[in-house]
Amino acid sequence: MTIPKEYRTEDQLHLSNSGNVLLIASERSRLAIDPDMNLSLDAGFPVMLRTTRAPLVVRSGDRKTALKWSDAGHRETTQERFASAAGWRIHFSDFYKDGISYDFELEIFIGLDFLTDEIRIEINPREEGRDSVCMLNYPGGFVGMDAAVVPFMQGIRIPKKWPQEISHYPEDADFALCYGRSLYMPWIGMESGDSAAMLILDTPEDAGIRLRHRSGGKTLLETVFVSSLGKLRYPRHCRIRTFRRGNYVTLAKSYRNFIMDRGKFVSLREKAARNPKVGKLRGGCLLHAGLWYHYEPESIYYKPGRPEGNDVVISCREFAEKFTRLKRLGIRNLCVHLDGWGNRGYDNLEPDSIPVNRRCGGLRGLKRLASLCHDCGWLFTLHQQYRDSYRDAEGFDPRRLVRNVDGGHTFEEIWAGGKAGVLCPEYSEWYLRRNHAYFERSGLLLDGAYLDVFAVCPPDECFDPAHRVSRRKCLELRARCFDFVRSSWGVVSSEEPGDWAVPHLDLVHHAPWPLYPNPGEGPVFGQPLPLFNLVYHDAIVVPWSSRRIRGDWGHDKSSIPYLSGLLNAGIPYVALDADAADISALKVMSRLNDRTFYSEMSSHEYLEEDGSVQRAAYASGSVVTINHNTGAYEIREGGKSCHGRMD
């Protein structure tokens, strides 16, 4: 018995070599690979991938050298067929440049899957001798596109003639790693007329992007693979998907299917079934406040000549009064996120933040505050930090820090507590468990914990031989901390949603639009899109600002944050000093979230090209239209509609 013809690669895919151009063809697609390894795909519309850099950067001793594929003295090309794929395997060796030979070998497989029409690319370090590949600028990025689509924070679209300069964060870096603000999700996309294409990074832990858009000019958007602990070490995979009819929504939904296929999509319904406290977030609000903010002179936030601004304290008793007031105003479902409980306040002396500081009422005051929240039916959670290691903390030990490839450590003088290094991920769980034991033995009842920066900072790697950690291992260690919070307390939250963390998280601090020069201020990058919510709305709770006047953190001065919150059907932030009008507005957003909590964001569209008028629809049947120009909104559900306008 033979394999049916419709499942045989010999009948479905045809390979040929024409003038040193390698070809792969199916009934629907034709891929050409030129001698420089550039890719040209005819998928009913043209898709081309190029790199603007030398494809290889090789480390030889202390020297780095950029190499081209043509620098390989030996190139061996063979055909390969398996399952539903066929393609070319190209082996490169004997690299030589400027009188110097390089001791490594590399193999690339580029194939076409006739069942899906996906292009599959595998880059494999076959032999790493005395020299090693420290960066792969391959397969590059799309060229000739009408618009770039990037999961930059919540998401953006960059038309080719966009007038604003755009770059990743930080803009002075050569590239940005996956899972930071520059790339919540590991894929990039393009639109060309009514067609679209995307490149998904299957091995994203040691990968990233290079993004540059010149005012009114072209967009450079390329993928980058980097070394793991100094070497390429393992095969790197990516895939290209094309859509003859599609746009940014098509790309987001394709990535959603990709995640689901791999069993990495964990819905809020599943999370709530596993942990009922997650269900209490439904249709609720988030309160983010702090007890004690103390700024050391080394911190960039220190205010010389204004001592009153460097030490701000609110007691647990004052908080209790404010909480009681909010309850009277009608806040029924609330998650309290409390900063500044540590022994010198917010972002100080971490990870040795215990015991609870006495200035705010000590452990007794904090326990009373937790009890009040529980009496109100609210969730009570604490901010915790297990990446920063402050130099003046009692247990500070440089041997526990991340060691860089040069043997040194990185210190920052940014946050409130002054000079801090980066704690090696190998030790994060140790401190988390120690602090948990303190809370448990003290009788403080928590409903969850916010582990700061774990889901917004790209993974760290540590070269210390006593606790060597790769970026992949770092993510595993962070995930263990999240899972410990779930098993010990309940609701798991972190700062922003790098998508590796979504299966482990219930709630994030925010996931807004990127601004220039940083998320806190400036105009929005490109055209803001809810790419992340199109993938993950029903998998993680994202709060949004409820500010009803223009501008806020993550929102430019031309947009109204409250309207973005409605569009994305998130839970609203509530302020300690909220009044009756604020509470009334919050309830509109909360009711919408209640009805869409377990629902996919099914579509999104711009009704005005400048983004001032947008519409989003949800699988529950809710349709939300917002207008930033007039401040108006409409929510349609089941034949009924709710209208409003920001004054």
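Which residue in E4 stands opposite Ala32? Select Ala32 and look across: the residue facing Ala32 is Ser40, in E4.

Before going further, some ground rules. This is a predicted model, where local features need pLDDT of at least 70 and side-chain atom pairs count only at pLDDT 80 or more, while totals for chains, interfaces and linings use all residues. Residues are numbered from 1 along each chain as its sequence is written, and side-chain values use heavy atoms, with hydrogens and water left out. Helices (H or I, at least four residues) and strands (E, at least two) are DSSP runs, numbered from the N terminus. Two strands pair if DSSP finds at least two bridges between them.

**Stop 1**

Pick Leu22 and you'll find its bridge partner, Ile33, in E3. While you're looking at strands, keep in mind that side chains in a regular strand alternate between the two faces of the sheet.

**Stop 2: two positive phi values**

Go to Asp117, in the loop between strand E11 (104–113) and strand E12 (119–128). Phi here is near 65°, positive although the residue is not glycine. Asp117 is buried, at 12% relative accessible area (buried means under 20%, exposed over 50%, partly exposed in between, with a 1.4 Å probe and protein chains only).

Then jump to Ala569, in the loop between helix H10 (561–567) and strand E37 (571–572). Ala569 is another non-glycine residue with positive phi, near 50°. Ala569 is buried, with a relative accessible area of 0%.

**Stop 3: two cis peptide bonds**

Select Tyr169 and Pro170: the bond between them is cis, with omega near -15°. Pro170 sits in the loop between strand E17 (166–167) and strand E18 (176–177).

Next, select Tyr516 and Pro517, also joined by a cis peptide bond, with omega about 10°. Look for Pro517 in the loop between strand E34 (507–508) and strand E35 (527–528).

**Stop 4: a three-stranded open sheet**

Bring up E29, E31 and E30, in that order across an open, antiparallel sheet. Strand E29 (388–390) and strand E30 (411–412) are the edges; each has a single partner strand, so one side of each has no neighbour in the sheet. E30 pairs antiparallel with strand E31 (residues 420–422) over two bridges. Click Glu412 and look opposite for Ala420 in E31.

**Stop 5: a positive surface patch**

Finish with Arg317, Arg364, Lys367 and Arg368, which form a positive surface patch. Patches are made of residues with over 30% relative accessible area and no salt bridge; like charges are joined within 9 Å, nonpolar side chains (Val, Leu, Ile, Met, Phe, Trp, Tyr) within 5 Å. A salt bridge is a side-chain nitrogen of Lys or Arg within 4 Å of a carboxyl oxygen of Asp or Glu.

Which helix gives the largest share of the patch? Helix H6 (residues 362–375), with three residues. One to click on in H6 is Lys367, partly exposed at 34% relative accessible area.

Technical notes. Areas by Shrake-Rupley, 256 points an atom, 1.4 Å probe, with all protein chains shown as cover. Lys, Arg positive; Asp, Glu negative; His and termini not counted. Charge placed at Lys NZ, Arg CZ, Asp CG, Glu CD.
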